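Please open the model in a viewer and keep the selection tool at hand.

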Amino acid sequence: TPKVWILGNGQLGAMLTHASEPLAINVEAIDIVNPDNRVLPMSSNDVVTAEREQWPESSLSLQLSEHPNFINSSVFGLLADRYTQKSLLNELSIDSAPWQLVDDDVSEQVLHHKYGSNVLLKRRTGGYDGKGQHWLKQDSDSVIPADWRNEAIAEQAINFDEEVSLVGVRQANGDCIFYPLTLNLHQDGILIVSIAPLSRLSHLQAQAESMLSSIMNKLDYVGVMAMECFRVGDKLLVNELAPRVHNSGHWTQTGSHIDQFQLHMRALCNLPIPQPKVTFNCAMVNLIGTENDQRWLSLSNAELYWYNKEVRLGRKVGHLNLSIDDITATSNSIDKLKQWLPEQYQTPLEWLRSEIC
Ligand code: ATP
Ligand code: MG
Ligand code: MG
């Protein structure tokens, strides 16, 4: 049987590996951040996927990225660059924040005239968790950093009602299957809490599915893709796309009979995919810059995923999935997490309570 190689061995690679086990899919996640000079024993019918959008070039990463069965190989470069990603959305007439390239000629005044007093500059590549962003504020006369020219796009600030995302899969035969929309709360540009599904979002499901299917069809994509959106009234604007399993889909580990990791592996291996059933309404709480705390395991409705990474300020080091079958139990868990987690969690956890109770 063919083996699946994963470019990258962070938490997404680990969770893809974990999800492959019950299907007896032979899988290996490769560390391409600290590459060695190994020659990978790849065969021509093996399959390659990636858990990240970008990677450093090395003899190890080239063995993976140049394999003829690197699925979606052309998509990574296209979506990893915000300029080509936003161009694709324009081409498909999919709504997103109005934008332009920060080229050599554009001035702060022109950007403020076009997009308003607050304009968000985003590095074309390499940004994640809100890193690589720069607010251009007219009031404080902030300027375009010189080395951001041609390396960034400028976006209109969207005064959104909330953020949602859609995680879906496209199979090799072109069929697309989706989870229900996820509601996402970000803090300082980092996802902190997700909730799914929510009945109050169901009227947006068809709109979101039609946007993401047209994107995946255009790219002839195979596997799981995530689409982050701003909700403005009843309209969705795409914020960004991720050609991989996604943090806002982690709730499916607890809340669905097929999680997003297994969904991706099934698509890569051309295995049957029924519509995933939602078994629990869930909340996902990202553990950011905080030490592992065994008390979390005492919560009656929590599942812990600890990534075993060095704890650093602002770094995602794990997540907790809370199943919401019993409102009282969930509310008790929220009370306890408010005591055990740092100050920054107080508001997001109260927000969670207000959404589900
Ligand atoms: P990720 O970790 O999801 O890949 P990222 O660093 O690639 O994040 P974005 O998703 O583009 O960055 O932005 C991070 C967050 O910043 C968004 O989830 C949203 O809360 C806010 N944001 C981004 N673009 C805009 C915008 N045009 N207007 C208002 N807020 C925005
Ligand atoms: Mg991003
Ligand atoms: Mg994002």
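Begin with ligand 1, whose shell comprises five nonpolar, five polar and seven charged residues. In this classification, Ala, Val, Leu, Ile, Met, Phe, Trp, Tyr, Cys and Pro count as nonpolar, Asp, Glu, Lys and Arg as charged, and the others, Gly among them, as polar. The model is a predicted one, in which local features need pLDDT of at least 70 and side-chain atom pairs count only at pLDDT 80 or more, while totals for chains, interfaces and linings use all residues. Residues are numbered from 1 along each chain as its sequence is written, and chains are lettered from A and ligands numbered from 1 in the order in which they are written.

Select next the residues around ligand 1: there are 17, the closest being A97, Y128, E155, I158 and H186. A residue counts as near the ligand if its C-beta atom, placed from the backbone, lies within 6 Å of it. Strands β5 (118-123) and β13 (235-242) each contribute at least two residues to this shell; strands are DSSP runs (E, at least two residues), numbered from the N terminus. Between which domains does ligand 1 lie? Since domain 2 (98-156) and domain 3 (162-356) both supply shell residues, it lies between these two; the domain bounds come from an automatic or database domain assignment.

Now turn to strand β16 (residues 316-323), where seven of the eight residues are buried. Buried means 20 or more other C-beta atoms within 10 Å of the residue's own, exposed means 12 or fewer, and partly exposed is in between, with C-beta atoms placed from the backbone. Strand β14 (residues 282-288) runs antiparallel to β16 and is joined to it by seven bridges; strands pair if DSSP finds at least two bridges between them. Strand β15 (residues 302-306) is also antiparallel to β16, with five bridges. Select L322 in β16: it is the bridge partner of A283 and of A302.

In β15, select W306. This residue is partly exposed, with 14 other C-beta atoms within 10 Å. Its contacts beyond four places in sequence are N292 and G318, a contact being two C-beta atoms, placed from the backbone, within 7 Å.

Finally, select the largest nonpolar core, of 73 residues, where I6, L16, M225, M227 and A283 have the most contacts. Such a core is a set of buried Ala, Val, Leu, Ile, Met, Phe, Trp, Tyr and Cys residues joined through C-beta atoms within 7 Å. Strand β14 gives the largest share, six residues.

How values were computed: Helices (H or I, at least four residues) and strands (E, at least two) are DSSP runs, numbered from the N terminus.
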